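Hi,

Here is the structure I promised to pass on to you. Please have it open while you read my notes below.

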Amino acid sequence: MTFFKKILNKYKSFPVQVKAAFWFTICSAVQNGCKFLAMPVLVRLLTTEEYGIYSVFLSWMSIISIFATLNMQAGVFNNAMFKFPNKRSEYTSSAQSISITATLICFAVYILFHDFWNGLFGLPGNLSVLIFIQLLFTEGFLVWSSRQRYEYRYMALIVYTSILSVSYLAFPIAAGLIFPPEKRLDAVIYTGSAVQILFGIGFIVYNYVKGKCFYKKEYWKFALSFNIPLIPHYLSGIVLGQADRVMIKSLISSAAAGIYSFTYNISLVMNIITQSVNNAIIPYTYEKIKKRDLKKLSSITNFLLIMVGGLVLMFSAIAPEFIKLFATEEYYEAISLVPVISLSSYFTFLYCLFGNVEFYFEENKFITIASVVGAVANIVLNYLLLPVFGYYAAGYTTLFCYILFSAAHYVFMRVVCRKKMNGYKVYNGKTILAISVFVVAAALGLSALYDYIWVRYGLLLIAAVICMIKRKTIINNLKMIKEKKV
């Protein structure tokens with residue numbers, strides 16, 4: 001009992017920012033965990049073709065949401081909370097109105113040319129309409145969530161997020177089990193959308209009751225002038241992550257899109273880890289840049305790259321067994337893509353390290369340029385290579401574009417350093433290149449060992465022994481980052 005009392009007292013002594021960071025991480029884990037748990041069930045309920053259509057439906061939802069909601073819950077929201085500290089409820093309801101208006105305009109454009117859009121989406125009309133209906137009602141919860149994060153109201157957020165996440169997991173799966181096979185896909189999609197819509201309606205009403213503001217010129221002008229220039233950046237990020245499965249369905253088949261989507265989603269479990277590590281390193285990075293303690297920052301960054309690279313290699317080593325645990329036989333053919341797609345998580349983390357420097361100096365225009373370059377390259381390469389090499393090409397084009405993304409951010413970061421820091425180097429480019437080349441070569445090499453389970457697990461054992469020997473160094477580095485975060 002004394003032990004738990006000590007933990008509770010230690011927790012109570014933490015500042016609200018630390019408590020909030022902890023619970024927001026738990027919140028993210030709940031959301032991603034429910035999505036992850038749903039995958040092995042859905043791939044068994046749906047055929048590969050149906051799972052492909054389901055994945056493409058979600059992909060188009062993400063792409064259209066950029067235009068239909070204008071991402072009012074994103075970066076502009078935090079700036080608005082700071083700019084209008086005494087009018088936060090008013091701004092929240094007004095921002096919600098912008099998204100609702102944008103969605104209705106987009107829906108009107110869809111209705112006028114619905115045959116064209118249905119052909120482009122590769123979806124039946126009922127599912128295309130459902131996308132707009134869902135987007136119309138979901139932004140209420142998203143802007144409410146952004147305000148909870150800004151004001152560190154973590155308990156309300158985790159309660160409602162958990163309810164939504166568990167419902168979004170349970171009800172579609174239940175519907176898939178109840179309905180006959182020929183109606184199963186529609187049952188899963190419609191039930192999932194119904195959960196989101198009903199949940200969203202409650203928050204739309206709540207935001208309007210609290211804010212009592214549909215339109216105010218000052219709020220609309222601020223939000224639109226801030227976010228519209230960022231649409232290329234937001235869209236490029238979505239395209240880089242979602243365009244593959246849309247193009248696979250269009251150029252190859254729904255079944256191929258389903259197999260690729262499952263492998264992609266499984267592989268990106270690494271993103272949960274890399275995002276958490278990046279969130280932890282941002283305050284440390286800012287502090288070190290401010291003090292110009294760049295040597296220490298470079299050392300810690302190299303350590304984190306080795307750690308993230310090691311996790312990618314570990315996940316790549318166990319990929320065959322992991323996929324077989326979560327999927328049916330139809331999905332086994334894409335096992336060798338796991339290392340390729342997992343490497344995208346490594347380079348996502350790498351470009352975030354460079355981007356953190358750009359954000360510190362508020363050079364956001366470089367972020368947009370790099371995003372657009374990566375997204376356009378991804379679409380062009382997929383268009384050229386998918387018909388020739390099949391859906392396997394999508395994994396490699398995505399990896400190439402993330403490498404290109406990282407290289408572009410590195411170049412822009414160096415430009416920023418020359419402007420703002422007299423050319424000082426924040427990171428050691430040669431060391432980062434060496435680590436990255438090794439991680440890529442090792443991950444791709446592991447795919448050649450998938451028929452030799454004892455070799456793979458033998459290598460994992462050797463890696464575990466090395467970590468045990470170096471445990472003091474690992475723990476000390478992590479402690480330094482944690483102390484700066486707190």
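Let me start with a cluster of rings: Phe-141, Trp-144, Tyr-160, Phe-199 and Phe-203 are linked by ring pairs. Rings of Phe, Tyr and Trp (its six-membered ring) pair if their centres lie within 6.5 Å; planes under 30 degrees apart count as stacked, over 60 as edge-to-face and the rest as tilted. By this rule there are 30 aromatic pairs.

One of them joins Tyr-51 and Phe-262, which is edge-to-face because the planes are at 70 degrees, with the ring centres 6.5 Å apart. Tyr-51 belongs to helix H3 (residues 48-69) and Phe-262 to helix H12 (residues 254-267), so this pair ties together parts 211 residues apart in sequence. Helices here are DSSP runs (H or I, at least four residues), numbered from the N terminus. Tyr-51 is buried, at 2% relative accessible area, and Phe-262 is buried at 0%. For these labels, buried means under 20% relative accessible area, exposed over 50%, and partly exposed in between (1.4 Å probe, protein chains only).

Phe-141 and Phe-199 are both buried.

Now to the surface. Leu-251, Ile-252, Val-372, Val-376, Val-380, Tyr-383 and Leu-384 make up a nonpolar patch there, with about 600 Å² of accessible area together. Such a patch takes residues with over 30% relative accessible area and no salt bridge, nonpolar side chains (Val, Leu, Ile, Met, Phe, Trp, Tyr) being joined within 5 Å. A salt bridge is a side-chain nitrogen of Lys or Arg within 4 Å of a carboxyl oxygen of Asp or Glu, and accessible areas come from the Shrake-Rupley method with a 1.4 Å probe. Helix H17 (residues 364-389) gives the most to the patch, five residues. Val-376 lies in helix H17 and is partly exposed, at 47% relative accessible area.

A word on how to read all this: the model is predicted, so local features need pLDDT of at least 70 and side-chain atom pairs count only at pLDDT 80 or more, while totals for chains, interfaces and linings use all residues. Residues are numbered from 1 along each chain as its sequence is written, and side-chain values use heavy atoms, with hydrogens and water left out. The average pLDDT (the predictor's confidence in each residue, from 0 to 100) is 82 for the protein, and 88% of the residues score at least 70.

Best wishes

Key
Helix = DSSP H or I, 4+ residues; strand = E, 2+ residues; numbered from the N terminus. Patch = residues over 30% accessible without salt bridge, like charges linked within 9 Å, V, L, I, M, F, W, Y side chains within 5 Å.
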